[in-house]
Amino acid sequence: MLEARGLKVSYGGINAVKGIDLEVGRGELVTLIGCNGAGKSTTLKALAGLLRPAAGRIHYNGSDITARPAFELVRRGLALVPEGRGVFGRLTVEENLAMGAYSRRDRARVDADFERVYERFPRLAERRRQPAGTLSGGEQQMLAIGRALMSRPQLLLLDEPSMGLAPLMVQKIFETIRAIAQEGVTLLLVEQNARLALEASHRGYVMDSGVITLADSAPRLLGNPQVRQAYLGE
Amino acid sequence: MDIFLQQLINGVVLGAIYALVALGYTMVYGILGLINFAHGEVVMIGALVALTVIQLLVGSGIALPGPAIAALGLLVAMPVCMALGYAIERVAYRPLRGAPRLAPLITAIGVSILLQNVAMIVWGRQYHSFPALLPATPHQIGGATLNDLQIFIVLLAAAVMAALLAIVHRTRLGRAMRATAQNPEVAGLMGVNINTVISITFVIGSALAAVAGVMISAYYGVAHYFMGFMLGLKAFTAAVLGGIGNIAGAMLGGLLLGVIESLGAGYIGPLTGGFLGSHYQDVFAFLVLILVLVFRPSGLLGERVAERS
């Protein structure tokens with residue numbers, strides 16, 4: 001469904017991604033793990049059209065989307081939940097969700113999707129008229145995910161969804177991610193919390209200093225001594 | 001005659017016009033973080049284009065009522081200004097989108113000088129008298145006078161601002177504009193074409209500028225290639241007073257600045273025993289600017305900078 005070949009991206013004058021190959025098949029949940037500054041977020045930004053790759057090609061659903069802008073990709077079903085959530089703090093919860101459905105014209109189904117998001121996250125329903133900036137970090141993450149779902153993505157990229165959240169909220173977010181995957185959305189996840197991420201995933205990539213050092217099924221990565229030592233804190 | 005009431009009335013009229021211009025500054029700043037110093041010149045172009053249309057209509061001998069002629073002048077000036085605002089962004093600012101903030105600022109001043117000179121070539125250096133097309137029937141209220149033109153200016157400005165608020169807060173486009181102002185990158189992730197939103201922002205601001213240009217020329221009865229400079233600076237002051245980037249702030253700031261300036265001009269003579277006269281009117285706007293920048297740089301309704309992440 002998504003395929004990157006020889007992808008190089010520089011960000012802030014640094015060659016953050018130095019030629020990686022990465023694939024996500026339809027219906028898969030794939031995780032990209034690695035240390036801070038390994039180039040994971042930069043990779044996601046390039047895939048979502050926020051950064052222009054310096055080299056390499058990206059194919060999505062069979063067509064070349066290299067250097068296509070983000071606003072076009074979301075219309076084609078490729079959505080990114082950015083690091084730090086990126087909710088519009090002065091827009092209400094409902095307006096944030098409406099922004100998620102910005103490029104959709106099917107009003108009736110959008111209205112149904114509002115209800116689905118509110119069912120999934122009852123906290124958001126209670127706070128629908130509040131400015132999103134008044135929500136807690138966890139609620140903002142729910143809003144960011146709910147907002148991305150409003151675009152009806154086929155492929156959802158999630159950048160550090162558990163960052164800065166209390167353990168209970170992290171559990172809740174991962175339950176949500178599993179549920180979304182079971183509904184047939186393909187997911188590519190970037191996570192610091194490597195254990196939880198790999199336990200939820202089919203496959204994983206390990207990234208270090210801008211290159212992919214390991215690519216394997218999630219269970220095998222969980223059992224890999226190197227991974228256990230470097231990323232699972234053992 | 002009641003000086004206070006009279007100057008209050010004059011100030012509200014002037015303030016309504018300042019508010020329309022201030023909105024153009026504040027909307028562009030809200031989205032791009034750029035002070036578009038060429039905006040005052042768009043007001044000037046609007047006034048002079050409308051003047052030319054009006055002169056042609058009056059000279060043609062077609063028997064049209066005055067308000068209809070004024071309306072036609074405005075209806076031509078608006079699209080001209082909208083196209084101009086679009087072109088300014090496209091040609092002068094967009095290529096500098098990623099540049100350090102100083103570059104577009106200097107460019108803005110350059111565009112401003114360019115437009116002044118083009119206007120000087122087209123319309124000459126002289127002051128043009130702007131025909132009185134609207135009835136200026138005076139009404140007496142409590143020792144002050146208020147004429148039809150003043151009432152009309154305030155009502156039209158209020159209607160235009162109400163329409164703007166409706167667009168910004170009630171439409172999909174307005175929501176995209178607010179989202180883009182807060183976080184352009186994430187707005188792009190939502191499917192918003194940022195360039196389109198920025199263009200539309202310039203076009204709307206320029207339409208307001210055209211309205212303001214026709215109003216101020218009709219009010220003072222004069223138009224001139226340099227008129228946009230001082231008006232632009234004052235409207236910028238109004239935007240800063242209200243909190244730059246904040247739409248309601250621009251409206252409030254414009255109104256307040258008009259009132260402060262008018263009251264200042266009305267009282268400076270009596271208070272200084274005639275030593276300083278009402279031609280010191282312009283001092284007050286900049287006094288306000290300095291005071292705001294010193295004591296409350298975020299303006300009356302402005303958010304603290306930290307919230308603009």
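Reader: Leaving aside its neighbours within four places in sequence, with which residues is L276(B) in contact?

Author: The model is a predicted one, and in it L276(B) sits in the loop between α10 (247–271) and α11 (281–295) of chain B. Once the neighbours within four places in sequence are set aside, the residues in contact with L276(B) are I268(B) and G269(B).

Reader: Does L276(B) count as buried or exposed, and how many Å separate L276(B) from G299(B), C-alpha to C-alpha?

Author: L276(B) has 12 C-beta neighbours inside 10 Å, and a residue with 12 or fewer is classed as exposed, so L276(B) counts as exposed. In sequence, L276(B) and G299(B) are 23 residues apart, while the distance in space between their C-alpha atoms is 29 Å.

Reader: How are the axes of α5(B) and α8(B) oriented, roughly parallel or roughly antiparallel to each other?

Author: Two packed helices are described by the angle between their axes and the distance between the axes. For helix α5 (residues 148–170) of chain B and helix α8 (residues 194–220) of chain B, the axes come within 11 Å and cross at roughly 170°. Angles over 145 degrees count as roughly antiparallel, and the two helices are therefore roughly antiparallel to each other.

Reader: Which residues meet where α5(B) and α8(B) are in contact, and how many of them are nonpolar, polar and charged?

Author: From α5(B) come L149(B), I153(B) and V160(B), and on the side of α8(B) they meet L208(B), V211(B), M215(B), A218(B) and Y219(B). Sorted by class, this contact of α5(B) with α8(B) has no polar and no charged residues, and 8 nonpolar ones.

Reader: Which residues have the most contacts inside the largest nonpolar core?

Author: In soluble globular proteins, nonpolar side chains tend to be buried together. The largest nonpolar core of this model has 173 residues. For A19(B), with neighbours within four places in sequence left aside, the contacts are A157(B), M161(B), A238(B), A250(B), M251(B), G254(B) and L255(B). The residues with the most contacts inside the core are I17(B) and A19(B).

Reader: Which helix gives the most to the side of chain B that touches chain A?

Author: Across the two chains, 15 residues of chain B are in contact with 21 residues of chain A. Both α6 (172–182) and α7 (184–189) of chain B supply at least two residues each to the side of chain B that touches chain A, and by class the residues of that side divide into 6 nonpolar, 5 polar and 4 charged. With 5 residues, the helix that gives the most to this side is α6(B).

Reader: In the open sheet of 6 strands in chain A, which are the edge strands?

Author: This open sheet has mixed pairing and the order β6-β7-β8-β3-β9-β10 (chain A), and its neighbouring strands are turned by 15° against each other on average, direction ignored. The strands that pair on one side only, and that are thus listed as the edge strands, are β6 (78–81) and β10 (211–217) of chain A.

Reader: How many bridges join β3(A) to β9(A), and which residue is the bridge partner of L32(A)?

Author: Strand β3 (residues 29–34) of chain A and strand β9 (residues 203–208) of chain A run parallel, and 5 bridges join them. Within β9(A), the bridge partner of L32(A) is Y205(A).

Reader: In β6(A), which residues point one way and which the other way?

Author: In a regular strand the side chains alternate between the two faces of the sheet. β6(A) pairs with β7(A) in the parallel sense over 4 bridges, and in β7(A) the bridge partner of L78(A) is L155(A). The residues of β6(A) named here are all buried, with L78(A) and L80(A) pointing one way and the other way taken by A79(A) and V81(A).

Reader: In the open sheet of 4 strands in chain A, which strands stand at the edges?

Author: The order of this sheet is β2-β1-β4-β5 (chain A), with antiparallel pairing. Each of the edge strands has a single partner strand, so one side of each is left without a neighbour in the sheet, and these strands are β2 (14–24) and β5 (63–64) of chain A.

Reader: In the hairpin of β1(A) and β2(A), which residue in the turn has a positive phi?

Author: β1(A) and β2(A) pair in the antiparallel sense over 8 bridges, and the bridge partner of A4(A) in β2(A) is L22(A). The hairpin has 2 residues between its strands, and the residue in the turn with a positive phi, of about 60°, is G12(A).

Conventions
Residues numbered from 1 in each chain as written. Chains lettered and ligands numbered in written order. Predicted model: local features only at pLDDT ≥ 70, side-chain atom pairs only at ≥ 80, totals over all residues. Axes fitted to C-alpha atoms, helices over the stretch in contact; angles between N-to-C directions. Parallel < 35°, antiparallel > 145°, perpendicular 65-115°, else oblique. Contact = placed C-beta atoms within 7 Å. Nonpolar A, V, L, I, M, F, W, Y, C, P; charged D, E, K, R; others polar. Pairing = 2+ DSSP bridges. Core = buried A, V, L, I, M, F, W, Y, C linked by C-beta atoms within 7 Å. Buried ≥ 20, exposed ≤ 12 C-beta atoms within 10 Å, placed from the backbone.
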